[in-house]
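Here is a short briefing on one protein chain. Look at the structure first, then work through the topics below.

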Amino acid sequence: MHTKAAVAGLGAAAALTGAALMYKAPSGVKLFADDTLSGEDYRFMAYVSEYGKSYGTVAEFMFRKGQFVARHNEIEAFNADANNTHTVGHNIFSDKTYAEMKKLNGYKAVAKESNAVILEETNEASVDWRTKNAVTPVKNQAQCGSCWAFSTTGAVEGADAIKTGSLKSFSEQQLVSCSKQNSGCNGGLMDYAFQYIKSAPLELEANYPYTSGAGRVSSCTYNKSKGVGTVSAFTDVQVGSASQMKAALSSKGPVSIAIEADQMAFQSYTSGVITSGCGQNLDHGVLAVGYGTLDGQEFVLVKNSWGPSWGDSGYVRLGLATNSCGFLNAASYPSA
């Protein structure tokens with residue numbers, strides 16, 4: 001006899017199979033010839049249903065299915081390796097190619113002289129600026145290589161909240177459209193954005209909302225009279241130093257960091273602490289908002305800008321001891 005849960009499960013499976021059989025491209029071509037779906041077919045249609053995906057042609061449908069299957073096989077192999085300290089899984093990007101994902105990674109590294117100040121080391125075992133009203137909800141850069149702008153606003157939001165006691169959401173669009181030393185959806189550098197803000201304080205997100213999610217950059221419409229997010233200076237964290245990263249996070253607030261984000265180990269992250277698998281060729285700007293220990297692994301807690309459905313509610317933990325994804329190699333924090 002089936003339990004109610006089992007019956008419900010069978011019903012859902014039947015419904016999904018039916019939906020798969022009825023799924024058609026705009027041309028009216030049926031994508032599945034009969035009512036016998038393979039495991040790959042079923043998994044892909046479950047993914048299509050969960051994320052509300054739709055594809056314009058049969059060719060695109062089959063291409064995206066191929067990308068999904070390849071990613072699924074990578075995920076299965078990764079999670080089967082007991083040496084890995086984090087897990088990976090499917091997300092809204094599972095049908096994308098690595099080349100497509102690379103376009104979201106808009107951090108542009110430049111050679112520069114460090115202005116790091118050595119901070120007094122901290123004895124605090126953990127820090128989480130989310131619990132101190134210094135971190136806004138996870139945002140989504142969408143199909144624009146503007147990660148650098150989101151990393152910048154996150155750091156300025158934190159510094160401003162610590163200074164004023166009031167958390168405000170600042171405008172990424174202002175940076176994307178108006179910070180000319182950067183390249184909008186084609187990438188940029190957090191330090192250049194901090195420098196820009198010194199003379200052009202950030203407007204609130206509500207006044208200058210984000211419109212570049214489709215990859216198009218509108219003309220600058222900045223109104224300086226509405227600028228409230230200030231930067232008086234910005235300082236590097238000593239390169240490669242986990243203790244100085246912890247000191248900066250403890251005493252200064254959220255820190256803008258650059259990482260390598262073009263590997264599956266990062267892109268498909270779901271839980272745990274990344275200690276290997278993502279390299280150190282910096283290509284993505286994100287925000288460190290704290291640190292702590294999980295299952296014996298020290299980590300830095302990082303806010304990404306790929307929406308709250310990605311990772312662990314939009315966050316990822318990177319191993320401190322291993323400098324995972326290179327996050328200790330280019331970090332800086334602003335002063336409001």
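The largest pocket holds about 290 Å³ of space. This is a predicted model, where local features need pLDDT of at least 70 and side-chain atom pairs count only at pLDDT 80 or more, while totals for chains, interfaces and linings use all residues. Residues are numbered from 1 along each chain as its sequence is written, and side-chain values use heavy atoms, with hydrogens and water left out.

**Pockets**

- A pocket is found on a 1 Å grid over the protein atoms alone: it is an open set of points with protein on both sides within 12 Å along at least five of seven lines.
- Lining residues have an atom within 4 Å of a point.
- Grid points are joined across faces, edges and corners, and a volume is the space filled by probe spheres set on the points.
- In the largest pocket, 18 residues form the lining. Y107, K112, N329, A330 and A331 lie nearest the centre.
- Two elements, α7 (190-199) and β9 (331-335), each give at least two residues to this lining. Helices (H or I, at least four residues) and strands (E, at least two) are DSSP runs, numbered from the N terminus.
- The lining of the largest pocket has 10 nonpolar, four polar and four charged residues. Here Ala, Val, Leu, Ile, Met, Phe, Trp, Tyr, Cys and Pro count as nonpolar, Asp, Glu, Lys and Arg as charged, and the others, Gly among them, as polar.
- The second largest pocket has a volume of about 220 Å³. It is lined by 16 residues, and K53, I92, F93, K96 and Q143 are the closest to its centre.
- Six nonpolar, five polar and five charged residues line the second largest pocket.

**The cavity**

- A cavity is a set of grid points where a 1.4 Å probe fits but cannot get out.
- How many cavities of 30 Å³ or more are there? The count is one.
- The volume of the largest cavity is about 90 Å³. Its lining has 14 residues, with F150, S151, K303, N304 and S305 closest to the centre.
- Both α5 (147-164) and β6 (284-294) supply at least two lining residues of the largest cavity. The largest share, six residues, comes from α5.
- By class, this lining has four nonpolar, seven polar and three charged residues.

**Salt bridges**

- A salt bridge is a side-chain nitrogen of Lys or Arg within 4 Å of a carboxyl oxygen of Asp or Glu. The model has 15 salt bridges by this rule.
- D95 pairs with K53, and their closest N and O atoms are 3.2 Å apart. The pair links distant parts of the chain, 42 residues apart. D95 sits in the loop between β1 (86-88) and α4 (98-102), and K53 in the loop between α2 (39-51) and α3 (58-79).
- Are D95 and K53 buried or exposed? Both are buried. Buried means under 20% relative accessible area, exposed over 50%, and partly exposed in between (1.4 Å probe, protein chains only).
- D128 and R130 form a salt bridge at 2.9 Å, N to O. D128 is partly exposed at 21% relative accessibility, and R130 is partly exposed at 38%.
- E298 bridges to K246, with the closest N and O atoms 2.8 Å apart. E298 is in strand β7 (residues 297-303) and K246 is in helix α8 (residues 242-251), so the pair ties together parts 52 residues apart in sequence.
- E298 counts as partly exposed at 34% relative accessibility, whereas K246 counts as buried at 18%.
- A network of salt bridges links K139, E157, E172 and E205.

**Helix α2**

- α2 has 13 residues and reaches 18 Å from its first C-alpha to its last. That is close to the 18 Å expected at 1.5 Å a residue. The expected span is 1.5 Å times one less than the number of residues.
- D41, F44, M45, Y47 and V48 are the buried residues of α2. They lie on the same side of α2, because they cover an arc of only 155 degrees around the axis. The arc is that of the directions from the helix axis to the C-beta atoms.
- G52 follows α2, and its phi is positive, near 65 degrees.

**Residue E203**

- E203 is in the loop between α7 and β3 (233-236). E203 is buried, with a relative accessible area of 3%.
- E203 and T230 are 27 residues apart in sequence and 9.5 Å apart in space, C-alpha to C-alpha.
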